[in-house]
Amino acid sequence: MEEWIQLLKQVVPSKHVLTDLSDRYSYSFDASFGEHLPEAVVQAKSNEEVMEVLKIANEYRIPVYPRGQGTCLSGGPLPVHGGMVLDMSQWPERIVMSPDDLTVTVSPSVLTGNINKEAEKHGLMYAPDPSSAHVATIGGNLAENSGGPRGLKYGVTKDHVIGLKVITPEGELIRTGGNTIKNVTGYDLTKLIVGSEGTLGVITEATLKLLPKPPAVQTLMVSFDEVRKAAEAISRTLTSGILPSKMEFMDQACIEAVENFQPAGLPVDAAAIVIIELDGHPETLKIERQLIEEIMENIGARETVVPETSEEAEKIWHARKQVSPAIAKIKPTKVSEDATVPRSKIPDLIDRLQVIKEKYDVEVVVFGHAGDGNLHPNILCDKRDQEEMKRAELAVEELFEAAVELGGTLSGEHGIGTMKAPFMEMEVGEIGINMMKRIKEAWDPNGIMNPGKIFAEKGQKLVLRNE
């Protein structure tokens, strides 16, 4: 057995250092593509353990891959160079509420959805709501800077983090930010760490902002005969002075898939639907609802449905949540992307997606958080068909090119990981890449933290096949 593994067993209980092949295979994949076998898995449960583990890794130049629940869609925790996976999901769960300060302090293993559940007991909410919140850890959300439907009004994860505890690659504990909403002391290291995908250190605690839970919500579902009218309706609503908490988009293929999977009464002959949620004071919602209905009528929307009960509203939102399992019934493999463009460019991106679909003969369905331009084009394929997967790779590459050409970004909330690394320079340029690498080298001079992520290695390409 490697000397460094023996040393790990001296600083971490040996039962929490996994080396059996079956255990290591369990940590060789995430929710994206590719399998990479680590040499060991360490289930850390304290700051002291992580500090000692990183000191050993730094001394022996062993790659360290922090991991939560493995729900990442971009390859963030994949151990592409072997080494060790640092499993943070086994950390003792800790949620410490400070309702008077509108903050909460949490351990990295806490499920994101549980933070909001605890906040609601105090009439508060934790706003970020990624679709995986019920299974993903806050540590993973912090690493990837996760978003969600409420990002339109409330922002993404980084907008709600005011302080962190982080273990550096050299095994030292630092505190970034603090417990106050305002803090301009020196460089904002908190914002640097959030979204760094485990390449700069290991997050072991976070202090998060909470918000008062809105007293009321109102849902509307608007259907359109033209996708461009749906995009126009989104822009018109947002420039009217109304800021919905959510504006979700589903194209016709998504609508049909959901109705075939679990019928919810969606209009299958509509080109697109936009689902809107307003939140705030009940009297304000009445006015905003009326204004939105007028906007939709003036634009030429086909129909606006306003649920009369919370059960009816929940049925509509449940249908939106069924998109992913529904489209998985069309073909067994789905490549889930999150290209984000300026809102005005949504119709142009959808036009480009139609061209890509025909050019590469692949199934493409589109849904997502249209209110902030964050779409989720899903390319549906079958990983057993190598030729189809090759076409899917080319389609994804062209999708990224289209998003950047339209003034958008490679990723709105999934992160870069391994899957988008080959395309980073396309968006940020050579100088931008070099500046990021200089930051990485300053924080992690021996390059042990999550190597192979964000920055493409020589000759690296997007690969969805088992080659």
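Guide: Welcome! Let's begin with a term: two strands count as paired if DSSP finds at least two bridges between them. Keep in mind that this model is predicted.

Visitor: Thanks! What holds the strands of a sheet together?

Guide: In general, strands of a sheet pair through backbone hydrogen bonds, and the pairing is either parallel or antiparallel. In this model, β17 (residues 363–369) and β18 (residues 374–381) are antiparallel partners, joined over seven bridges. To see one of these pairings residue by residue, select His 369: its bridge partner in β18 is Asn 374.

Visitor: In which order do the strands of the open sheet lie?

Guide: Reading across the sheet, the order of the seven strands is β15-β12-β14-β13-β17-β18-β16, and the pairing is antiparallel. At the edges are β15 (303–305) and β16 (333–336), each of which pairs on one side only. From one strand to the next, the twist averages 20°.

Visitor: And which strands does helix α11 touch?

Guide: Helix α11 (residues 310–321) packs on the sheet and touches β12 (216–224), β13 (246–251), β14 (272–280) and β17. The direction of α11 makes about 125° with that of β14. Another helix to look at is α14 (residues 386–405), which lies across β16 and β18 and runs at about 165° to β18.

Visitor: Now for two helices against each other. At what angle do α8 and α10 pack?

Guide: Helix α8 (residues 227–238) meets helix α10 (residues 282–299) at an angle of about 140°, and their axes are 10 Å apart. The crossing of α8 past α10 is right-handed. On the α8 side, the contact is made by Lys 229, Glu 232, Ala 233, Arg 236 and Thr 237, while α10 brings Ile 292, Ile 295, Met 296 and Ile 299. By class, the contact residues are five nonpolar, one polar and three charged.

Visitor: Let's finish with open space. How much space lies in the second largest pocket?

Guide: About 900 Å³. The lining of this pocket has 36 residues, and those closest to the centre are Asn 145, Val 194, Gly 195, Glu 197 and Ile 416.

Visitor: Which helix gives the largest share of that lining?

Guide: That is α15, with six residues. Both α7 (189–193) and α15 (424–443) supply at least two residues each.

Visitor: And how do the lining residues divide into nonpolar, polar and charged?

Guide: For the second largest pocket, the lining has twelve nonpolar, 15 polar and nine charged residues.

Methods. Residues numbered from 1 in each chain as written. Predicted model: local features only at pLDDT ≥ 70, side-chain atom pairs only at ≥ 80, totals over all residues. Heavy atoms only, no water. Helix = DSSP H or I, 4+ residues; strand = E, 2+ residues; numbered from the N terminus. Axes fitted to C-alpha atoms, helices over the stretch in contact; angles between N-to-C directions. Contact = heavy atoms within 4.5 Å. 1 Å grid on protein atoms, 1.4 Å probe; cavity = no way out; pocket = protein on both sides within 12 Å on 5 of 7 lines; lining within 4 Å. Points joined across faces, edges and corners; volume = space filled by probe spheres on them. Nonpolar A, V, L, I, M, F, W, Y, C, P; charged D, E, K, R; others polar. Left-handed = near helix turned anticlockwise from the far one by under 90°.
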